[in-house]
Amino acid sequence: MTAALHRPRDLGAVLDLLAGTDDPMVFGGGTAVQILLKQGVLAATDLVDIAAVPGLADLVATPGGLRAGTMVTLRRMETDPLVHDRAPLLAQVYGRVANPRVRNTASVGGNIAHGDYRLDPPTALLVLDARVELSSAAGVRHVPIREFFTGFQETAVGRGELVTALDVPTQPRGGAAFSKLSSLAANDWPVASAAVLVTAADDVTREIRIGLGALAPTPVYVAVTVAATGSDDDAVDAALAAVEPLIDPLPDVRGGVGHKRRLGRVAVADAVRAAWTDTPRDIPREPREEASDDHRLPFRRLRRRR
Amino acid sequence: MTIDSRSAVSAGVADRGSAAFEGRAVGESWGRVAARSKVRGELQHAADEALRPCLDVVVTRSTRPHAEILGVDAARAKAVDGVVDVVTGADLHALLGDAIFTGPAFADQPCLAVGKVRYVGEPVAAVIARGRAAARAGAEEVAVDYRELDPVHDVDAAVRGAPFVHDELRPSVVFGDLAHLRGIRDTNVNYEYVLRHGDPVEPPPGSVTVSDEFWCPPTHHVPIELPFTAAWRDGDRLEILSTTQTPSYVRQSVADLLGLPLASVRVRTAPLGGSFGAKMYDRLEPLAAALAWTRRTAVRIAVSREEAFLLTTRHGAAVTGSMTADADGNIVAADADVRYDTGAYADVGPRITAKSGMVASGPYRIAQAHVRSRCVYTNKPSAGPFRGFGVPQVTWSHESLVDELARARGEDPAAFRRRNLLREGDVSVVGTPMHSADFVGCLDAVTAALDWESPLERPTGRYRRGRGVAVGIKAVLTPTISNAVLQLNQDGSATLLISTVDMGQGSDTIMAQIAAEPLCLPEGAVRVVAADTDVTPYDTITAGSRSTYHSGNAVRRAAEAMRDKLIEIAAARFGVAATDVKITGDGLVSTQTQQKASIPELLHAHFGARGTTLTTEADFRTTWQPYDKRTGRSPQVTEHWFAGAAAAQLTVDTATGRVHVEHLAIAGDVGRAINPALVEQQLTGAAIMGVGHALFDQLVFDEGQIVNGTLLDYQLPSIHDVPDRITPIVVENPHRTGPYGAKGVGETTIIPLAPAIANAVRDAIGIRFTRLPLTSERILDALAAQEEPS
Ligand SMILES: Cc1cc2nc3c(=O)[nH]c(=O)nc-3n(C[C@H](O)[C@H](O)[C@H](O)COP(=O)(O)OP(=O)(O)OC[C@H]3O[C@@H](n4cnc5c(N)ncnc54)[C@H](O)[C@@H]3O)c2cc1C
């Protein structure tokens with residue numbers, strides 16, 4: 001039951017370990033792995049701690065958005081001006097994960113690789129159409145986040161593969177909102193969450209993109225179009241109709257299927273209404289120009305709204 | 001969150017330098033002892049102590065709720081690297097006989113199952129190994145062969161009859177009042193308390209009766225510090241270091257188990273990191289003691305968080321209750337049938353059944369009351385003491401009923417309570433008079449804090465607002481015994497030896513204040529020694545809010561005896577009569593000759609040496625009159641009463657079912673606040689714990705198995721669940737025999753908390769909830785049912 005701990009110092013060594021050991025497991029921030037260790041249910045033979053590998057914690061602007069190395073912490077995603085600028089919805093959602101202690105330790109790659117259906121960040125990554133970079137001894141491949149969550153606690157990460165980065169396109173103009181509902185203590189895992197982005201589909205239509213968390217065995221993505229002239233009620237109705245067949249909750253101590261379904265509808269309705277209301281009448285359709293550093297707001301002013 | 005504290009928290013000794021010390025200790029908010037080291041993580045808890053090398057013990061736990069043990073195969077476990085030995089209940093039974101069945105009321109619980117398991121998680125075999133990992137690996141390899149028996153999970157099914165959790169009842173030999181239960185077979189009811197006050201009559205014309213079925217689920221204490229016990233043999237003595245609130249009890253229990261004189265058993269504690277009743281009576285100690293003694297080795301048992309959930313719980317309780325008010329709005333009758341689910345072992349359940357049964361109709365003047373309170377075995381982990389000692393469960397019933405009764409009469413729930421509450425000198429339904437229990441003062445204080453008389457803004461949309469109130473009554477554990485030994489050191493500092501355990505409630509701080517008061521010693525001068533049965537004298541238990549009054553009285557007496565000794569010494573030195581000598585912050589003074597001597601001068605001269613000590617000791621005992629077996633009544637059933645009230649203003653989100661508490665006001669009559677800041681913290685802490693019990697805190701079972709017994713799933717109030725505003729109010733009606741008038745406060749506000757919240761929810765959405773907790777699912781289900789056309 002004890003696993004060997006490796007602390008490789010370069011990516012090549014990591015990939016060799018992932019390819020060459022019996023049953024390896026990546027140790028990212030360790031917030032999930034530590035729980036398995038403590039409960040004595042860790043099956044792996046080898047733990048590969050990737051904290052010492054250079055470059056994996058880089059967060060940089062890219063021509064179309066931003067790129068976060070796997071070891072960038074959730075807290076940095078929540079607070080970094082670059083994320084606030086390019087993908088404010090993403091910053092907001094990272095800021096709602098767990099508590100500051102977890103966010104200061106957990107990594108963006110570990111978060112998605114964890115594969116839990118209740119995770120918050122995937123909801124935003126889904127609506128933003130992020131891309132996951134996977135590396136292995138065989139090379140690098142990219143998987144759209146919308147194809148990443150393959151089943152209950154299953155992801156597209158294959159044997160010998162490491163999540164090395166997330167590429168997130170700049171958030172399109174429009175309204176955005178995140179709603180997270182827990183049914184018991186306020187800081188508990190959610191029983192329903194929804195990230196919503198309203199953007200221009202064409203001159204007369206808007207696209208409502210919805211990422212759902214905790215409402216099915218995997219995070220779920222769906223989009224629906226609504227006439228730009230529609231009311232917020234129209235938007236909510238369309239969104240609810242779209243999510244209805246996708247909501248497939250797992251009953252547990254936090255509530256039965258019916259309850260979670262009910263809260264799922266509230267989370268979607270709240271987020272869609274807020275995002276729709278937040279959407280300007282005329283959404284400029286051209287992509288935003290890259291913000292230069294002096295346009296960025298100083299860090300302190302970027303505290304998430306409560 | 002805001003806390004409307006009326007007492008500023010003391011800045012500590014440093015800030016006192018400037019102002020002249022007046023010699024006052026009681027009533028001051030002295031800084032909490034060890035607060036700094038707690039915040040910095042420097043305080044040494046039991047498991048942090050450097051001990052002699054110990055073998056680790058991990059137990060193999062039952063996977064069946066009810067089964068015969070056909071065999072235990074330890075061969076594979078013994079083959080695990082590092083495993084030294086595997087011990088079963090049968091092994092210990094062969095060595096120690098029936099002494100391995102222990103418990104505070106019934107001797108029914110073995111430290112390792114003998115012949116039969118009675119709950120999922122019961123220890124079946126102990127694996128002793130070098131290191132915890134090896135012990136854990138070994139414990140997984142122990143194979144147990146079971147023959148399953150029918151289990152009983154539901155408390156009412158258990159009352160009705162078979163299957164029976166125990167073949168026969170085994171009351172502890174210590175208690176005469178339980179002797180009649182010995183050997184009784186074919187029942188799961190191990191104790192029954194009945195209260196009969198007044199004769200049942202037909203309700204007078206114009207009266208209103210309300211009745212309902214109530215349920216409080218089992219909950220867990222979740223102290224931050226996990227339970228820990230180490231034990232080793234030192235020649236023919238046994239030493240134990242344990243996380244316990246009851247070191248004196250543990251010494252007796254272990255001495256009985258091993259047949260040792262009390263002097264051969266030493267039980268030591270370290271500061272506890274919270275407990276709330278979780279670390280009392282027989283927890284890990286009997287097993288550690290039995291293994292260390294019989295294997296002649298040193299062992300330690302450090303349980304995991306998940307195991308801690310299995311060690312003890314709060315009793316789930318069902319109450320069938322009713323209340324009647326006459327046409328004038330006086331409560332004329334109350335009825336309660338209470339069933340406490342004590343799980344597989346009685347623990348202190350029978351005591352809880354009686355103590356809580358006697359207050360099941362609430363703190364009201366009632367002409368006729370009938371209570372039947374039963375303690376019932378089921379195949380679940382054993383339930384034991386929990387902050388409130390069973391009283392919150394019956395308060396849930398009577399405070400919901402009183403509220404409905406007021407509403408049925410179209411009356412304000414606060415005004416209705418005010419008319420019916422017991423006053424000073426009133427005799428309660430149990431036959432004992434009220435003193436220093438100002439229910440009306442507490443009710444008035446919390447309602448005033450909420451501005452109860454002014455109209456409430458009631459939005460009609462998604463969010464609904466409501467206000468609710470509740471009061472609570474509890475009797476202090478009686479009879480009990482406390483002792484104190486005080487050593488005044490030559491330099492004017494003092495060392496206080498008591499077996500009261502500081503677990504966060506602040507006893508080390510307030511006992512120092514009580515000792516300092518008669519001697520005019522300054523903050524920081526009195527050190528309280530951690531309980532150590534080789535050193536500190538007997539104390540019944542640190543629980544049930546009894547320490548301030550009982551240990552406090554012993555400490556006060558010891559300190560007053562010390563003052564008298566000093567005065568005698570000073571009188572001889574000054575050549576004046578003792579009546580002429582006063583003690584002040586500066587030392588001893590003759591009012592006649594103005595001669596002065598500081599304590600250091602006086603003791604130095606008296607003994608002719610530095611570093612000497614002057615010792616006094618005192619005890620304090622309370623007595624009761626056992627209740628009448630037929631009526632359950634007694635003119636002195638308790639030494640004193642606790643009185644408290646809570647009022648809540650909250651909103652209900654009718655879309656999500658979430659309750660948001662905007663303002664919570666809580667009050668307790670503490671007699672006299674020894675340390676107002678610590679009293680407010682106790683009032684507040686108990687209230688926040690109560691918010692959890694009201695809204696989501698519960699142990700969930702499936703076929704006898706706990707399904708949420710990890711902190712990933714078990715729900716506790718987080719900082720975001722704390723009310724926006726909390727107003728703790730200290731009500732002071734000095735108790736005639738309390739130390740400086742003081743009584744305890746640790747449980748007072750948890751008692752009325754859940755009904756105060758539920759009554760506010762009732763006010764907000766018009767729905768009465770009878771089952772705790774009020775989860776968002778229950779609230780939405782009820783709202784949906786309300787909307788259905790009937
Ligand atoms: C108390 C608590 C509350 C929480 N509440 C929330 C919440 O409200 N919302 C929410 O979204 N999440 C919540 N979480 C989950 C948290 O977000 C995850 O634990 C965290 O994001 C995992 O990241 P990590 O870097 O610590 O992963 P690790 O623990 O290091 O790893 C998690 C898994 O991913 C694998 N892994 C790690 N890095 C890689 C990589 N680069 N490539 C491939 N596989 C990898 C590991 O092998 C492991 O299987 C909570 C966690 C805790 C402990």
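The contact between chain A and chain B takes 24 residues from chain A and 24 residues from chain B. Keep in mind that this is a predicted model. The area buried between the two chains is about 1,900 Å², and carbon and sulfur atoms give 52% of that. On the chain A side, the residues that lose the most area to chain B are A:Leu184, A:Val253 and A:Arg262, together 26% of what that side buries.

As for secondary structure, helix H2 (33–39) and helix H10 (257–277) of chain A each supply at least two residues of the side that touches chain B. H10(A) gives the largest share, five residues. Sorted by class, that side of chain A has 10 nonpolar, eight polar and six charged residues.

Next, inside chain A. The chain is divided into domain 1 (4–49), domain 2 (59–169) and domain 3 (174–277). I will stay with domains 2 and 3 of chain A, whose C-alpha centres lie 20 Å apart. Their contact takes 23 residues from domain 2 and 25 residues from domain 3. Here the buried area is about 2,000 Å², with 65% from carbon and sulfur atoms. In domain 2, A:Tyr117, A:Arg118 and A:Val127 lose the most area to domain 3, together 36% of what that side buries.

How many salt bridges are counted between domain 2 and domain 3 of chain A? The count is one. A:Lys180 forms a salt bridge with A:Asp120, where the closest N and O atoms are 2.7 Å apart. H8(A) has the largest share, six residues. By class, the domain 2 side holds 13 nonpolar, five polar and five charged residues.

Last, the ligand. A:Asp120 comes up again: of the 29 residues around the ligand, A:Val26, A:Gly28, A:Thr31, A:Ser107 and A:Asp120 come nearest. A polar side-chain atom of A:Ser107 lies 2.6 Å from a ligand oxygen atom. Backbone atoms take part as well: a polar one of A:Gly30 is 2.8 Å from an oxygen atom of the ligand, and a polar one of A:Ala98 is 3.2 Å from an oxygen atom of the ligand.

Definitions and conventions: Residues numbered from 1 in each chain as written. Chains lettered and ligands numbered in written order. Predicted model: local features only at pLDDT ≥ 70, side-chain atom pairs only at ≥ 80, totals over all residues. Heavy atoms only, no water. Domains from an automatic or database assignment. Contact = heavy atoms within 4.5 Å. Buried area = accessible area lost by both parts, 1.4 Å probe. Salt bridge = Lys/Arg side-chain N within 4 Å of Asp/Glu carboxyl O. Helix = DSSP H or I, 4+ residues; strand = E, 2+ residues; numbered from the N terminus. Nonpolar A, V, L, I, M, F, W, Y, C, P; charged D, E, K, R; others polar. Near = heavy atom within 4 Å. Polar contact = N/O pair within 3.5 Å; in protein donor to acceptor, adjacent residues only side chain to side chain.
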